[in-house]
Amino acid sequence: MKRIENIRIGISGTRGIVGETLSPELVVNLTCAFSTLIGGGKVAVATDTRVSGDVVKHSVLSALIFSGITPVDTFTLPTPSLEIYVKEKKLNGGIIITASHNPEEWNGLKFVDNRGLFLSPFAALNLIDIYYQGSFKIPTENKFPDVEIEKEAFKVHKEKILKIVDVERIRKKHFKVLVDAGGGVGTRFDRELLEYLGCRVKMVYEEDDSNERFPRNPEPIAENLSKASEMIQNGDYDIGFAQDSDGDRLCILDESGRVFGGELTLAAALYGYLAKQKAGKIVINLSTSRVTEYLAKRFGHSVSKSPVGEINVVEQMIKEGAVAGGEGNGGVIIPQVHHCRDSFTGMALVLDSMAADDKKISQITAEFPQFKMVSSKIPLSMTGAHRIISLLKEEYPNGNTQDGLRVDTPCYWFHVRPSNTEPILRIVAEGNEGEIETILSQLTDKIKKMSR
Amino acid sequence: MSIKLSISGIRGQFHELTPNRVTQFAQAFSTYIGRGSVIIGSDARPSGKFIREALIAGLTSSGSQVLDYGILPTPILQWILKNSSYSGGVSITAGHNTFDWNCLIFLSADGSYLNHLEGLEFFNIYHSGNFTKKSFDKLGKYSMYSPHREFIDSYFQSLQLKTEPRKPWKFVLDCSNGFGPEIVEQLSRSLKVKMIPIFCGKDGFTAKDPEPTIRNANLLGTIVRETDSSGGFLLNSDASRVLVVDETGLPLSEELTLPIFSMILLEEHKSDIVTNYSTSRSVDQVAKKFGVRVFRTDVGQPFVVQSVKNTKAFIGGEGSGSVVYSPFSLGFDSFIFIKKMVEYLDKKNLSVSDISHRFSTPDIYKETIHFPPDKIYSLLEKIGDLFQEDKIRLKDGFYIDFGEEWLCIRASATVSMVRVIGEGSSIAHRIARIKEMVE
């Protein structure tokens, strides 16, 4: 059976390929289902910088107006900014038109509730239910709302960030910053924040209307950031930042052009913030590096772990009243700003730490413990994956079973879980370099044998 | 589902023209016209708000460039199409239908409605569901026209009177809530006469029937009298139909709009006249006086305008109060009527009633009979059989010629009704006979 890989209707939103699976009809029906779910009021709508954004937006606007909901069009806006805007303006929800880090032929919808958070897993299931039942709220009155226009929504976000850092201290440093927004929303908003913080900003890819294509794959990982790294090596910068297309994920490059990756980025962004917070709780997901855990404990915080997925981390943070949290894909979450992954907050926090300690970013992270993180994946059906997890759970009765199986030992840990989106089993492990590779390959082989 | 598909438009009540249906028609239209730009406009109906967004989504997703003229009467869109190189247009308006209806009107590159054959091709694409779908890098672009409205300005420039009027004219314009006052201001500047707009708020959504009929012209008549105006014009919501009110506030039958227009134009130059079978024979009297022919067609703008094109006639229109002047545009256009009328009044130093007195009030009956929706056409057939006289079969009914009198029976384009229109002293009696039969 051929699996349809280019459409994903899931609890974290819907993604598809424009002109193929992400049809106007799908967008209209999902938006009608969302309108039925939230019942009425106002919904903010934003796009990232994808060329297909406006086409998708017209379908979203049509469905909202048809459902009697007033759309507030915020135009191109980072995902965290939209979430914050919904919460601060007390709107009834939000829709973000983005496919996050997926390639540019993709687009999709992310739904935000009246807390400014992604739909909780239950609400998301409810939405999918309404969508499949197809019984949407339809207008009974011949009265339809107008679209409201909001072009200053980012300011709300910026103001919140400026409250958690020492703006004057950062300004005095006149940091030289290279930013690789990858043609995403950062191209429109990074300067506004960073220049306010006194930085001299150079963009790897300047906003250029004649070229609307993404200049690189939108995922901010090392293999997509070679140009940024080269520019730092050949230039004079204090730090480099890279983002995905909707501005929730961050990746740091140090002054030598070294790409940190999401795990070290999270630790570096949280470092200074955790240092100055009163002892509290932080939440990371079960696949996140111990580096962040180590830093949190060093500053007296306790650490709890949630299933993988932003909304899972966020829900657990809210439940436990966490001061900070995040995911190892460069997703920094600071509740004082908002309960969402936020690359803009991440950038401000790193600059704040550099200014506070008067250190280079590489000097700050040099003090962090060094672990090696490795991963593998095994193609397996959903049922096959769950069978393996059950067998493994018997073998490791003390493991954490919130999301697959996570096993911790003093020297290393590993996490085995079925992917939410693809028919694969993911294995992540972290420990000392030279040892963890063997542990991973033995574990992978073992699981492969079990799955035969 | 109760949407009505015809080349006169895709018509439905506000909750029936759903975003998905509108998107599909837009994709079908984009597929039909192929490459190029589409201009869109609408009247001020509330449902136009979501219909417009779905229309844009459908057109751009199939690769059409979209230029949005906002709220703009259909005749102006049609004029722009004729005078530009856009590939087609879509107007969101249900014209004379009440405000709980709306409609998508698809326009050709020359500004006319799709004709019968074009319509068949378009509907075939729609029914096949086989629409052009563009990938992310080949999608159409959307833009609002409002920052640069040259075409709208040129339209009103083309209506401009060459000379200053000899006396200060003042008219009341009832816009049936279809569009905003800036259109009336531009018209007023072009014609160099004072215009008092009523029912002209863009958001105006009062319970007002936008069909230009004598019954709906009472308020306009009163205002004409109260403001001591030279006359008034009652438009439908997209300004494709017009009815005249004289300086005493008395409304003239909408059936006289075409005869008056014909008379004015025929004094300038000769042309045959095209109208439908369901229109008063008053126009034949005008034609006879000037020695020109009258061609009759099926009912609806697409049929009349197609015949105007085929016969090379300059003048066309329908008894519902619409006129087309083909050297100017290929759409039913109230503004060109108003221009010609004002120009004529001033040139000849006449009052509106001086003109209306030249015409006898048409002895015309218009009635509707409710039919069960699933039996409309079979019942129509039976009614046709009732009459042994000369009959002409129309696309949607019959025209029956009784010699001095005539009767036209047609299925309505909106609800499950049959429209019966006839002219002559014994027509009321004949209509009563039909009603009996249906019951």
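Does B:Arg293 count as buried or exposed, and at what relative accessibility? At 53% relative accessibility, B:Arg293 counts as exposed; the scale used here calls a residue buried under 20% relative accessible area, exposed over 50% and partly exposed in between, with a 1.4 Å probe and only protein chains counted.

A quick word on what you're looking at. This is a predicted model, in which local features need pLDDT of at least 70 and side-chain atom pairs count only at pLDDT 80 or more, while totals for chains, interfaces and linings use all residues. Residues are numbered from 1 along each chain as its sequence is written, chains are lettered from A and ligands numbered from 1 in the order in which they are written, and side-chain values use heavy atoms, with hydrogens and water left out.

**Chain B overall**

Chain B has 14 helices and 20 strands; these are DSSP runs numbered from the N terminus, with helices (H or I) of at least four residues and strands (E) of at least two. Its radius of gyration is 21 Å, close to the 22 Å that the globule rule gives for 439 residues, so chain B is as compact as a globular protein of that length. That radius is taken over C-alpha atoms, and the rule is 2.2 Å times the number of residues to the power 0.38. Along the principal axes, the C-alpha atoms of chain B fill a box of roughly 65 × 60 × 40 Å.

Of the 439 residues in chain B, 63% count as buried. Helix 3 (residues 74-82) of chain B is mostly covered, with eight of its nine residues buried, including B:Trp79 and B:Ile80.

Where does a hairpin join strand 17 of chain B to strand 18 of chain B? The link runs through two residues. Strand 17 (residues 390-394) and strand 18 (residues 397-401) of chain B run antiparallel and are joined by five bridges; strands pair if DSSP finds at least two bridges between them. B:Leu394 stands opposite B:Gly397 in strand 18 of chain B.

**Salt bridges**

Side chains of opposite charge can pair when their charged atoms come close. Over all chains, the structure holds 55 salt bridges, each a side-chain nitrogen of Lys or Arg within 4 Å of a carboxyl oxygen of Asp or Glu. Here are three of them:

| Residue | Partner | Closest N to O |
|---|---|---|
| A:Arg213 | B:Asp137 | 4.0 Å |
| B:Asp43 | B:Arg45 | 2.7 Å |

A:Arg213 is partly exposed at 39% relative accessible area, and B:Asp137 is partly exposed at 36%. By contrast, both B:Asp43 and B:Arg45 are buried.

B:Arg293 lies in the loop between helix 9 (282-290) and strand 13 (294-297) of chain B, and B:Asp272 in the loop between helix 8 (257-268) and strand 12 (273-276) of chain B, so the pair ties together parts that are 21 residues apart in sequence. B:Asp272 is buried, with a relative accessible area of 16%.
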